[in-house]
Amino acid sequence: MTSGQTPVEFIGMIGTRVVSEIHPASEPPLDPAVVRRFVDAHEQGGFDRVLVGHSASTPDGLQVAAYGAAHSERLGFLVAHRPGFVAPTVAARSFATLDHFSGGRVAMHVISGGNDADQRRDGDHLDKEARYRRTDEYLEVVTRTWTATAPFDHHGEHYRVEDVSPDLHPLQQPHIPIYFGGSSAAAHRVGGKHADVFALWGEPLAETAEQIAAVHAAARAAGRTTMPRISVSFRPILGATEEAAWARAYDIRDRIAGFDGGAGSFTGTRMHDRAPANVGSQRLLAAAERGERHDRALWTATAAATGAAGNSTALVGTPETVAAALLDYVDLGVTTLLVRGYDPIDDAIAYGRDLLPLVRAEVARRAPVGAPA
């Protein structure tokens, strides 16, 4: 795949309060005015979608997305969703309902769960492998509920439903887009089978290429002929000059360190775990151990400072440098770029003004004559 064949999708992230690894959580935990500021910054900045995150301590993502959709015209909402806490038929109806109310602007971001402690806060005590088996079965039922034209039964390890007769189907056809996050072999297996878009955290180019190959191999093993599209997530740190960008980067790193490893990027929970169980965080820390700087502009010091809690690797430089770095990933076959900052709203405004147009202009320039830009 080349960058001229598929337009690049940009995703940001919104929250119900302002919080990041360098900003203590604002109060109250849900401020409608803050949600509107996030939505406005991303819609006016030209983002395609925004991720609504999930944890056991945050407001309900579907309701946040519904509120955001009611206060926007074009912006899409990628709602993080953990299988296992509601029945798959119930989740399918909830997402389909929002799909209609939003005019087809909702997508599901499936996260099986990489933090055992957070899973247990909502009563989930399955181990990782069992969670992925449950996710596999869950998504089978969800997609069947979205697409079935006749009543169906399902009898499996985790779910047993009978005479499911869906009356409401999603507005988007054939179904609501499924994004899937994870870096383990189990994630590759299940996401390769079900995902429309497989989401990775920002690793060096060589490791990203390896992960893409693993996802596509899993998809082929599941019998797919159309491969999942690939998303990669970064935390860009921009400056008017290279020197200014790096000065800001080092300041952010020092502020994270001074804040005891930072706060959760949308939860406000301090990150003490320096030996994460999830493979994605382990891979980011391994890259950090090999060196702080990789490829054109990838910087891993922020991942090391936070214990790789979430997507935490940065791209540092002028907008031109960071745009070129993002295009390096596009050249690998990446079609979706999730970018969010350490100053969440101000950075979203800067990305929309200074970064997104550069990437899109270059993708359009490379596109073959007659192809959609």
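The axes of α3 (88-101) and helix α5 (residues 128-147) come within 8 Å and cross at roughly 45°. Axes are lines fitted to C-alpha atoms, over the stretch in contact for helices, with angles from 0 to 180 degrees between N-to-C directions. The model is predicted: local features need pLDDT of at least 70, side-chain atom pairs count only at pLDDT 80 or more, and totals for chains, interfaces and linings use all residues. Residues are numbered from 1 along each chain as its sequence is written, and side-chain values use heavy atoms, without hydrogens and water.

**Helix pair**
- α3 passes α5 in a right-handed crossing (near helix turned clockwise from the far one by less than a right angle).
- From α3, Pro88, Thr89, Ala91, Ala92, Phe95 and Ala96 meet Tyr138, Val141, Val142, Thr145 and Trp146 of α5 (heavy atoms within 4.5 Å).
- This contact has 9 nonpolar, 2 polar and no charged residues.

**Second largest pocket**
- The second largest pocket holds about 320 Å³ of space.
- A pocket is an open set of points on a 1 Å grid where a 1.4 Å probe fits, with protein on both sides within 12 Å along at least five of seven lines; lining residues have an atom within 4 Å of a point.
- Its lining has 19 residues, and His54, Asp60, Leu62, His81 and Val86 lie nearest the centre.
- α2 (61-70), β3 (76-81) and α3 each give two or more residues to this lining.
- α3 gives the most, with 4 residues.
- By class, the lining has 10 nonpolar, 6 polar and 3 charged residues.

Note on methods:
Grid points are joined across faces, edges and corners, and a volume is the space filled by probe spheres set on the points. Ala, Val, Leu, Ile, Met, Phe, Trp, Tyr, Cys and Pro count as nonpolar, Asp, Glu, Lys and Arg as charged, and the others, Gly among them, as polar.
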